[in-house]
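Subject: Structure for your review

Dear colleague,

Please find below the structure that I am passing on to you, together with its sequence. My notes on it come directly after.

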Amino acid sequence: MTADILQGLASVFDPQVLLFLVAGVILGAVFGALPGLTATMGVAVLTPLTFWVSAEQGLAMLLGIYCGAIPAGGIPAILINVPGTPASIATAWDGYALARKGQAGLALGVNALMGAAGQLISTLFLAVAAFPIARFALRFGPAEYAGLAVFGISLMAGVSGGRVLKGLLAGLLGLALATVGLDPMTAYPRFSFGVSEFLDGISFVPVMIGLFGLAEVLMQISEGRSQQASIDADIGRVLPTAAEWKRLGAPAVGGAVLGTMVGAVPAAGGDIGSVIAWEQARRMARKPIEFGKGALEGLGAAVASANAAIGGAMTTMLTLGIPGDAVSAILIGALLIHGIQPGPLLFENQRPFVFTIVFLLVAASLLTMLLGLLGARPLANILRIPSPWLWAGITLFGTVGAYALNNAVVDVWVMFAAGVAGFFLRKADVPLGPLVLGLILGPMLESNLRRALILSRGDWIGTLTRPITLFFLIATVLSLAWPLVQARRRRRP
Amino acid sequence: MSATRITALAFLAFSTTFAATSWTLPKGVGAVPGPAFFPLAIATVMAALSVALVFDRGSRPAGEPSTTPGTTRGFIGVIGLLFLYLLSWGTGLFALRTALFLCLMLRWTGQGWRSSAGVAAALTGVVVLAFQVGLRVSLE
């Protein structure tokens, strides 16, 4: 184990890996700081750039974007009350109030410091908990994996904000798209319609670029969401005083623990985690009335939780092969292209790589903190870039990135179709998360379900009532029923 | 007709087409499910949920629009420009075609001619440098 840890550490200190990490953190900060551009979009659009480098270098850049974008999303939330990423919604509640009191610098400093604290605490969870979880997951057979995949998709549909039916339909659409290509068991061609490139299935990355890049650009254009903020040049002191540190400690640690747990649940990310943590900190505060009016405790809890969701999501992704959120869904696709299959076997066969990921996350957290503290003012200036420039850049990088993946024009058209479809689905209030999850989990669900049925000689009851499978299926029913029960309660006068 | 109902009918149409196409695939023998098994299962569940959505009163209160009103002209124009740009893919002169596409897109989204041309040239330069020179991707 020690040799694996040292090998993982050595990989991170490779100058080229560090260079990619720094580039990723800076790019992530730009994506996070600009309202409308998210961590998901950044990772999706820039993933093709990583295919020409080693897995460590590529992952360094993508993790850098992920870790850099989430705290940077707090910058516009604090300065102009517009969250840069969904995870920074709760950051705006107290952060913007602090900025209005003339303490924008302090709010940005807390954002950088507590963001790093959240990321580091959740990375510690990943390092400690991932190996036991992966060992447990090794007991899973085909039936258990099929149950887990169904549970993952249902969870994402369940948390789709009262849109359970639409979420499930989106998940099924993703599963349907995943059936394109050769049948995983018999290699029989399905739905390829004579296009030879489709025999390998629909490329995952162009779909992601379309859904999260092009569709978002089209949404913003259609809603006329063009903006160019004016920022006050003087933001004041950035570092908290000793007394302020004392006030921040407990809420931030509590927020980080909550964020890690929420992030580990498939489909639930920093947006949900930060709101829960903010509410929890308010309940436990001596002066809850100050929350929403510039309470440092509220800001610390929200920021730590939003950032801690990263480690939680990475734990689920690495141990079970199930994405914890949309970014980790894209990371799975990127890892697969580098020949790395996330899941319990990764912890048996490629331990040094697991530790590389852990150390990359630690390094990214520290770099992000430094960037947040030293670069708060320049990052704030990014908000002055007009939106149409960004739309043009995202469209171009998305298009060329999709093409560069396989040098195939068909991928560009897939990206275009996914973008237009994603736009209309979003207009129709259909969540895109379950679609992505269905696309990723489709092959896993189909091959494991069919394998389980073959092993049990077609015995459905026997397959579905294996203890772990049954647990996942009951959890699936509960995760789908709970939002419906809640919606019915809300409608009751 | 409400947006939800149109969405439900679109999903229903997709599931019906998907089921019809899946029906032509081998269905398997005895306990061994064939290539049609999974797609047919998806299509069946999707059709059932689509029907449920048609009759769903929805969690959204009646009368509340599901989307904000916006500029239809803007996004249709950008989709059209991108479509034409993609149609011309592989015909050579990548840098020129790209700069022209970006310039028109920027102009369409409300930027002045001068700034559109400048940003288009800069973005094209970055992409050519990153992909064609740096990563040796043939964009022509």
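This is a predicted model: local features need pLDDT of at least 70, side-chain atom pairs count only at pLDDT 80 or more; totals for chains, interfaces and linings use all residues.

Residues are numbered from 1 along each chain as its sequence is written, and chains are lettered from A and ligands numbered from 1 in the order in which they are written.

Contact between the chains

In chain A, 48 residues are in contact with 54 residues of chain B (contact: C-beta atoms, placed from the backbone, within 7 Å). On the side of chain A that touches chain B, at least two residues each are supplied by helix 9 (164-178), helix 10 (204-222), helix 18 (387-406), helix 19 (409-427) and helix 20 (433-455) of chain A. Helices (H or I, at least four residues) and strands (E, at least two) are DSSP runs, numbered from the N terminus. Helix 18 of chain A gives the largest share of that side, 10 residues. By class, the side of chain A that touches chain B holds 29 nonpolar, 10 polar and nine charged residues; here Ala, Val, Leu, Ile, Met, Phe, Trp, Tyr, Cys and Pro count as nonpolar, Asp, Glu, Lys and Arg as charged, and the others, Gly among them, as polar.

The axes of helix 18 of chain A and helix 4 (residues 94-108) of chain B come within 10 Å and cross at roughly 145° (axes are lines fitted to C-alpha atoms, for helices over the stretch in contact, and angles run from 0 to 180 degrees between N-to-C directions). P388(A), A392(A), T395(A) and L396(A) of helix 18 of chain A make this contact with T98(B), L102(B), M105(B) and L106(B) of helix 4 of chain B. By class, the contact of these two helices has six nonpolar, two polar and no charged residues.

Chain B

Chain B contains five helices and two strands, in the order α-β-β-α-α-α-α along the sequence. Its domain assignment gives domain 1 (3-54) and domain 2 (72-134), with bounds that come from an automatic or database domain assignment. The C-alpha centres of domain 1 and domain 2 of chain B lie 39 Å apart.

Selected parts of chain A

In helix 1 (residues 2-12) of chain A, G8(A), S11(A) and V12(A) are buried. A residue is buried if 20 or more other C-beta atoms, placed from the backbone, lie within 10 Å of its own, exposed if 12 or fewer, and partly exposed in between. On the other side of helix 1 of chain A, T2(A), A3(A) and L6(A) are exposed. The buried residues of helix 1 of chain A pack against helix 2 (15-33), helix 4 (55-72) and helix 16 (351-374) of chain A.

R282(A), in helix 12 (residues 270-284) of chain A, is buried, with 21 other C-beta atoms within 10 Å. Not counting residues up to four places away in sequence, R282(A) touches P288(A), F291(A) and G298(A).

D429(A) is found in the loop between helix 19 and helix 20 of chain A and is partly exposed. R457(A) lies in the loop between helix 20 and helix 21 (460-464) of chain A and is exposed, with 11 other C-beta atoms within 10 Å.

With kind regards

Terms used: Two residues are in contact if their C-beta atoms, placed from the backbone, lie within 7 Å.
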